Structure formats: structure tokens, C-alpha cells
Amino acid sequence: MRNKQVLAGLLLALLQACASKPVPPEPPAEGAPAAAVASSAPPEPPAASLADASRLPPFEGGQQIIREPLRGLRKIDRTEPPADLWQRIRQGFAIPDLDSALVDKHIAYYAARPEYLQRVFDRSRLYLYHIVEEIEKRGLPTELALLPMVESAFNPMAYSRAHASGLWQFIPGTGRRFELKQNWWYDGRRDIVDSTTAALDYLTKLYELHGDWQLALASYNWGENGVSRAIAKNRAARKPTDYASLKMPAETRMYLPKLQALKNIISNPAPFGIVLDPIPNAPYFAAYTELRDIDVQLAAKLAEMPVEEFIALNPGFSRPLIRAAMTPRIVLPADKVDVFHANLIKHDENALVSWQSYQPKRGETFESIAKKFGLTLGQLKEVNGIAPRRREVPGLLVVPVDIAAASGMRKLPLMYAPPIPIVLRRIFHTVRPGETFDSIAERYGVIIEDIKRWNRISRLATGQRIALEVRAPAKKGKLRSRPKGRLYRKAA
């Protein structure tokens with residue numbers, strides 16, 4: 001303590017000495033005029049005014065303007081959203097990184113295939129902004145926006161051996177569990193908006209179950225029951241229950257390393273020789289909800305866009321006819337919504353539909369039906385999503401309204417039927433008091449227009465017996481849970 005007091009005293013004395021004895025000015029150069037010497041030596045200011053910069057003589061030395069403060073570090077305004085969507089995704093990464101030989105293996109695989117990655121990135125441009133928006137609304141890690149690269153390579157028509165479909169690869173049962181409609185006209189597992197909502201709902205549920213994103217992602221691939229059983233088995237054996245410690249199928253073991261490899265490449269693509277073109281951080285598409293029944297081809301024409309791009313944004317449609325009762329919304333590029341609406345208003349409302357549903361009669365064949373409606377056999381099967389070699393005629397088809405309408409349809413858009421064949425059966429329903437077309441259609445999962453067409457009626461009466469075409473129940477049997485498997489269609 002005494003040493004500290006002595007030191008403090010010495011410092012105080014030194015400061016007082018500096019204050020009372022200012023440094024004398026340098027002697028003038030030899031031969032300088034006396035007047036110049038007198039004017040260049042300002043009077044000594046009092047000690048109290050030494051800190052007053054306004055009374056100091058002007059600085060005449062060299063000047064250097066520092067344009068970037070903090071030793072050249074650039075200021076980052078985090079309140080301003082980045083112009084590039086990739087940067088927005090990078091800023092939201094929050095899942096703990098994996099560092100393993102499997103990650104390195106997949107990085108090398110992707111880096112050796114830049115053309116494949118470019119195709120995936122190009123497809124993602126249509127969907128990524130919407131996915132990132134929905135992720136950030138929920139406060140989830142933005143790594144999840146990269147998950148469709150692993151699941152489907154951002155191909156909304158991807159379909160697996162386990163019957164998983166769409167960007168997020170929902171199997172039929174899980175799709176129904178998360179309210180994704182699947183019927184003869186429409187498959188919500190392929191719908192960009194609906195499937196993204198369902199996938200993020202499911203991932204949130206899995207994270208809440210495990211409290212760990214790595215386990216949640218493993219569950220998304222393997223199923224929550226499979227992961228839960230693996231955790232319980234390790235716990236019983238007094239082993240760790242983290243992702244790296246669980247025994248799981250090979251596909252699930254590869255699943256997270258694939259996602260981590262893509263994350264590493266997107267975080268810093270240059271070292272891997274990958275060119276990551278910027279994606280505008282702005283909505284690519286918008287929803288149009290004032291929809292009536294309309295042909296897919298006509299909708300694309302009214303939006304002034306290629307039918308292939310229209311289908312890429314609206315892949316949920318399984319037929320060339322959009323039924324508004326089944327799908328109350330279509331998705332269009334943001335700059336095409338007003339164009340579509342203006343053209344739709346001007347178009348004849350009685351000429352929006354060129355297709356109709358058709359119930360084949362006993363003894364009819366694909367060949368006879370195609371001839372009847374002015375189609376080739378290949379066109380009839382393609383537009384109905386029927387395999388080329390199939391001979392059995394289903395109970396419901398879509399056909400042109402007449403031969404004249406078919407004549408302008410030589411080049412049909414490639415449509416996709418629901419991956420699981422839908423078998424329809426005929427049932428009868430007796431109308432009860434208070435029942436309406438709406439309530440019956442909702443109960444049986446059909447649409448009002450079909451009820452009227454099947455029965456050739458325009459109104460209902462209590463006690464009336466009506467016919468309905470509904471999906472046949474699935475065959476009973478045990479279903480074995482297994483990983484989704486490889487894609488039937490190549491995602492690339």
C-alpha cells in the first residue's frame with residue numbers, strides 16, 4: 001500500500017512539472033528577420049487554456065484523410081437487407097457444423113460437378129426467396145432453405161421409390177398428416193407454397209421433439225420413430241444419444257454431411273471453383289387467388305409466359321385443367337400478375353376450359369377413347385399420367401370437350417399424375433335433411449360439379465339417392481418404415 005502511495009505522488013509531481021514548464025520553441029533559422037521571429041513566436045498561453053484547441057496555432061504539417069475508420073475495417077449496416085439472397089441465407093446459418101470425412105467426401109463430389117450444382121442453383125432461383133421468407137418468419141436456421149437441394153435437387157417433380165414427391169419429398173401419409181391434399185386433380189406435395197408450409201411445420205415439430213437440429217434433420221429423413229428408437233436403444237446401453245453416436249441407415253448417415261457440404265460451398269464458393277451467381281433478395285412469385293376453372297396452357301398464355309415455366313411454379317396440378325374448387329390459387333412471376341389479370345378479364349369467360357372429365361364405358365379401350373376425342377394414344381396417356389404400357393383403362397380420364405378443341409392441342413404440356421395410382425369406386429349416398437352440395441362434396445372429398453355431372457341433377461332433395469365416385473380404400477397390410485431411397489427420375 002505504501003509503495004502505491006509513493007508511486008502516485010511521483011506521478012502527480014511529474015504532471016505538475018509538465019504543466020508549469022512548456023516546451024520552448026525551436027530557435028529560428030539563421031539569418032531570419034527579427035520581425036519574422038517575433039511574429040512566429042506566439043505569446044505563451046496560461047496553463048488552464050492548453051486543452052483549448054481553438055486557441056492553438058494552425059497545424060502546418062502533412063495531412064492524410066482516413067476514408068475508412070477503424071483501421072480500414074468496413075462498417076456493416078445490419079439493418080439494411082443484403083441485395084443478394086445467398087448472403088441473407090449465410091447470415092442466418094445457426095445449426096452446429098459437422099466436421100468429418102463424410103463431409104469432405106461430399107464437398108469433393110459436388111466440387112467435381114459444377115455443371116450439376118449450377119442446374120440446382122438455377123432451379124432454386126424460382127423458390128428460394130419464398131422459402132427463406134417463411135423460415136425467417138418462424139425464426140428457424142436458414143440452412144433449412146438448402147434442404148431441397150439434398151431432397152430433390154430443387155426438382156418439384158422428383159419422385160422416390162418410397163413414393164415421396166415434391167421439393168420436400170413428402171410420402172403420401174406424412175403429406176396427409178400435414179394437410180397436403182392429394183387427389184386426381186392436384187397433389188399438394190408438389191405445390192411450392194403448401195409443401196413449404198408443411199415441411200417447416202414438420203421440421204419445427206421434430207426440433208421440439210428432440211431439442212437438437214441434427215436429430216431433427218435425421219428424423220426428417222428416417223422418420224421420428226426410427227430416430228426415437230435409436231435414442232432409446234443408446235440410452236438403455238448407457239451410450240451417448242447425439243446424432244454422431246446413433247446407429248442409423250446409410251442414407252440417413254449421409255444426409256447431414258450432404259447438407260453440410262452444400263453449406264460449406266455456399267458459405268465460401270471461390271476455393272471450390274464454384275461460381276455462385278447472385279439471386280435478387282426480392283419476391284420471385286406472387287399468388288393469384290381470383291381463379292376460375294381454366295386450362296393450364298391458356299393460363300400460361302394469359303400470363304404471357306412459357307407453359308413450362310408456369311408448370312414449374314404450379315407443379316401441383318396433375319391434369320391440363322385447373323379446377324378452382326380444388327386449387328383456389330395459382331402462382332405467377334411477380335411481374336406477371338397484373339398482366340394475367342388484365343388478359344383474363346378480356347378473355348371470353350365461356351372459352352376458358354377445353355378439357356372435361358370422362359368416365360369410360362364398359363368395353364372401351366385407350367385406343368377407342370383416343371380416336372373418339374381426336375387424340376393420339378400417346379397424348380391420351382400422357383395427359384392422364386398413365387404409363388405407356390398400361391392396358392387397363394381407369395375409371396376416370398380427362399379428355400378434350402370435343403374434337404375441334406383437340407385439334408389445337410397437338411403439343412401438350414408434360415403433366416404428372418399423382419405417383420400413387422388412385423382407384424375409384426362407385427358408392428351411393430342418401431341425402432339427409434339439411435345436407436347441401438357443399439357438405440356432401442367436403443365429406444367425400446369430391447367437387448360439386450362432379451356430383452351434378454354424375455347424377456345429372458342441379459338440386460338436391462331429402463331422401464334422394466345420389467351416386468359418387470370416391471377413392472377406394474387402401475389394401476390392408478403392414479407397411480415397413482424405411483429411408484426414401486434414390487430418385488426414380490434423375491433430379492439433375
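**Exercise 1. With which side chain does the side chain of E364 make a polar contact?** Place E364 in the chain, then list its partners.

*Solution.* Before we start, a note on the model: it is predicted, with local features needing pLDDT of at least 70 and side-chain atom pairs counting only at pLDDT 80 or more, while totals for chains, interfaces and linings use all residues. Residues are numbered from 1 along each chain as its sequence is written, and side-chain values use heavy atoms, leaving out hydrogens and water.

Step 1: find the residue. E364 sits in the loop between β5 (355-358) and α17 (366-372). Helices (H or I, at least four residues) and strands (E, at least two) are DSSP runs, numbered from the N terminus.

Step 2: look for the polar partner. The side chain of E364 makes a polar contact with the side chain of Y358, at 2.7 Å. A polar contact is a pair of N or O atoms within 3.5 Å; within protein, one must be able to donate a hydrogen and the other to accept it, and residues adjacent in sequence count only if both atoms are side-chain atoms.

Step 3: widen the view. Leaving aside residues up to four places away in sequence, E364 touches Y358, I369, K372 and V393, where contact means heavy atoms within 4.5 Å. V393 is 29 residues from E364 along the chain, and their C-alpha atoms are separated by 7.9 Å.

**Exercise 2. Is E134 buried or exposed?** Then describe its contacts.

*Solution.* Step 1: locate E134 in helix α7 (residues 128-138).

Step 1: check the accessibility. E134 counts as buried because its relative accessibility is 15%. The cut-offs are under 20% relative accessible area for buried, over 50% for exposed, and partly exposed in between (1.4 Å probe, protein chains only).

Step 2: list the contacts. The E134 side chain makes a polar contact of 3.1 Å with the side chain of K137. Not counting residues up to four places away in sequence, E134 also touches T196 and L200.

**Exercise 3. How are the rings of F178 and Y202 arranged?** Start from the aromatic pair of Y109 and Y110.

*Solution.* Step 1: take the total, which is 11 aromatic pairs in the structure. Rings of Phe, Tyr and Trp (its six-membered ring) pair if their centres lie within 6.5 Å; planes under 30 degrees apart count as stacked, over 60 as edge-to-face and the rest as tilted.

Step 1: classify the starting pair. Y109 and Y110 are edge-to-face, with 5.7 Å centre to centre and 75 degrees between the planes. Y109 is partly exposed, at 41% relative accessible area, whereas Y110 is buried, at 6%.

Step 2: turn to F178 and Y202. Their ring centres are 5.0 Å apart and their planes are at 45 degrees, so this pair is tilted. F178 lies in the loop between α9 (172-177) and α10 (192-210) and Y202 in helix α10, so the pair ties together parts that are 24 residues apart in sequence.
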